[in-house]
Amino acid sequence: MKQVFTCILKESRAGMPKGTMIQVASSFSSPAEYEIADECERRFGRKARDAQYKGYWIINKN
């Protein structure tokens with residue numbers, strides 16, 4: 001069963017401003033970096049994949 005996580009960008013990265021918020025569904029206890037990258041690309045374009053590192057985000061379980 002997938003859980004939904006809200007991710008908030010800590011600092012401006014990959015063309016997205018600080019505070020950018022995404023929601024990521026994951027089967028894991030926290031979203032995997034590839035899941036973050038996929039959602040960033042879907043919403044903001046290919047360049048946004050560069051913000052996949054989990055340390056760039058504040059991650060909260062919904």
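Glu 41 sits in helix 1, which spans residues 33-44. Helices here are DSSP runs of H or I with at least four residues, and strands are E runs of at least two, numbered from the N terminus. This is a predicted model: local features need pLDDT of at least 70, side-chain atom pairs count only at pLDDT 80 or more, and totals for chains, interfaces and linings use all residues. Residues are numbered from 1 along each chain as its sequence is written, and side-chain values use heavy atoms, without hydrogens or water.

Glu 41 is partly exposed, at 28% relative accessible area. Buried means under 20%, exposed over 50%, and partly exposed in between (1.4 Å probe, protein chains only). Beyond neighbours within four places in sequence, Glu 41 contacts Arg 46, Ala 48 and Arg 49; contact means heavy atoms within 4.5 Å. Gln 52 is 11 residues from Glu 41 in sequence and 9.7 Å away, C-alpha to C-alpha.

## Strand pairing

Strand 1 (residues 3-9) pairs antiparallel with strand 2 (residues 21-26) over six bridges. Pairing requires at least two DSSP bridges. Gln 3 faces Ser 26 in strand 2.

Strand 1 also runs antiparallel to strand 3 (residues 57-61), joined by five bridges. Thr 6 has Asn 60 as its bridge partner in strand 3.

## The tyrosine pair

The whole structure holds one aromatic pair. Ring centres of Tyr 53 and Tyr 56 lie 5.1 Å apart with planes at 80 degrees, so the pair is edge-to-face. Pairs need centres within 6.5 Å; planes under 30 degrees apart are stacked, over 60 edge-to-face, and the rest tilted, for rings of Phe, Tyr and Trp (its six-membered ring).

Tyr 53 is partly exposed at 47%. Tyr 56 is partly exposed at 23%.
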